[in-house]
Amino acid sequence: MYPVPAPVPPPPEPALSTGAVARRLGVSPTTLRSWERRYAIGPARREDGRHRRWTPEDIARLDEMCRLTARGVPPSEAARAALGEAPAARAGDRAAAVTPGGPGALPLGEVRPEARGLARAAVRLDAPAVADLLEAALAEHGPVTAWEEIIAPTLHAVGRKWASAGERYIEVEHLLSWHVSAALHRARPAPERSHTPPVLLACAPGELHSLPIEALAAALGELGVPVRMFGAALPAEALRDAVRRTGPCAAVLWSQSRTTADRALVRSVAGIAWGPPGARGHSALLLAGPGWDGRDTQPRAERLFGLRSGVAVIAALAAGPGPGQGAGRGPGPAAGRAAPAACGS
């Protein structure tokens with residue numbers, strides 16, 4: 001019999017930088033440094049140059065600190081409990097309802113670690129951390145991946161929790177939505193392509209949910225596609241006037257709810273033409289959002305689904321015939337083959 005070799009222990013987990021730990025836990029690096037300075041809940045070791053390196057044991061203590069402060073435990077008491085020096089104080093019922101990882105945790109499912117960190121920061125109402133995490137996600141991944149894999153899953157989880165828990169979560173949704181909108185607006189677009197008709201983006205009249213179309217604006221801006229963004233609840237006549245005045249290569253109309261998905265408006269916008277006789281042009285009219293689900297597609301209109309594919313379809317339309325070459329321009333066979341497309345849900 002040959003001797004059975006002893007099992008090889010797994011290599012130790014690498015120590016992480018302060019920035020990596022902050023993204024994992026959903027706190028800002030400034031908060032981590034403040035906790036270390038005030039409550040001595042810092043890393044066990046530093047590298048040359050005084051760079052902090054957090055071991056799994058350090059991160060476990062921070063995780064407990066985050067969990068307790070989210071329940072309403074004062075930071076000083078949470079730090080003592082995380083360090084094993086004192087029991088944690090009991091939080092009130094409302095605070096306990098938003099404990100990350102506890103009975104009131106957001107129903108995120110299988111998501112990227114950045115989404116869990118963003119959710120933790122949101123339920124703590126930690127505005128600086130939310131802003132930092134959103135900024136980092138957009139800078140590292142770009143608007144499309146950041147929206148689809150980090151921002152949208154967190155927003156959907158907050159919405160589901162609000163629907164089941166009532167107004168206890170409305171403050172979380174409002175804070176997160178405001179910071180998402182602010183972060184998308186701060187995204188710096190690439191220089192616009194010259195001699196390219198713009199893409200018009202608007203929410204249907206009465207539609208106030210504009211974040212998905214704001215994500216579309218940021219994603220198109222990153223590609224240098226000219227965008228004219230009109231935001232939430234654009235009145236019907238203002239939408240028609242904007243199409244006539246800009247002659248866009250495409251107009252995207254977002255509807256979150258069936259109550260705002262107006263088919264008569266679609267017919268009237270799709271029928272708008274411009275230009276001299278014999279060279280009239282039409283916009284491609286693209287309908288985005290769950291409000292259009294189950295509705296028959298109108299003539300000269302296409303349904304869009306998903307931000308990534310929608311950006312590709314709109315970018316292709318923007319790269320098509322330029323001014324003076326767009327007679328009868330609209331969502332023809334090429335756009336139909338590329339659908340389903342577009343702007344988030």
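**Salt bridges**

Tutor: Glu237, Arg240, Asp241 and Arg244 are joined in a network of salt bridges, where a salt bridge is a side-chain nitrogen of Lys or Arg within 4 Å of a carboxyl oxygen of Asp or Glu. The model is predicted, and local features need pLDDT of at least 70, side-chain atom pairs count only at pLDDT 80 or more, and totals for chains, interfaces and linings use all residues. Residues are numbered from 1 along each chain as its sequence is written, and side-chain values use heavy atoms, with hydrogens and water left out.

Glu237 counts as partly exposed because its relative accessibility is 40%; buried means under 20% relative accessible area, exposed over 50%, and partly exposed in between (1.4 Å probe, protein chains only).

In total, the structure holds 12 salt bridges. Another of them pairs Asp58 with Arg61, whose closest N and O atoms are 2.5 Å apart. These two residues also lie 3 residues apart, about one turn, in helix α3 (residues 56-70). Asp58 is buried, at 2% relative accessibility, whereas Arg61, at 27%, is partly exposed.

A further salt bridge brings together the side chains of Asp126 and Arg124 (3.1 Å, N to O). Asp126 counts as buried because its relative accessibility is 14%, and Arg124 is buried with a relative accessible area of 15%.

Note on methods. Helices (H or I, at least four residues) and strands (E, at least two) are DSSP runs, numbered from the N terminus.
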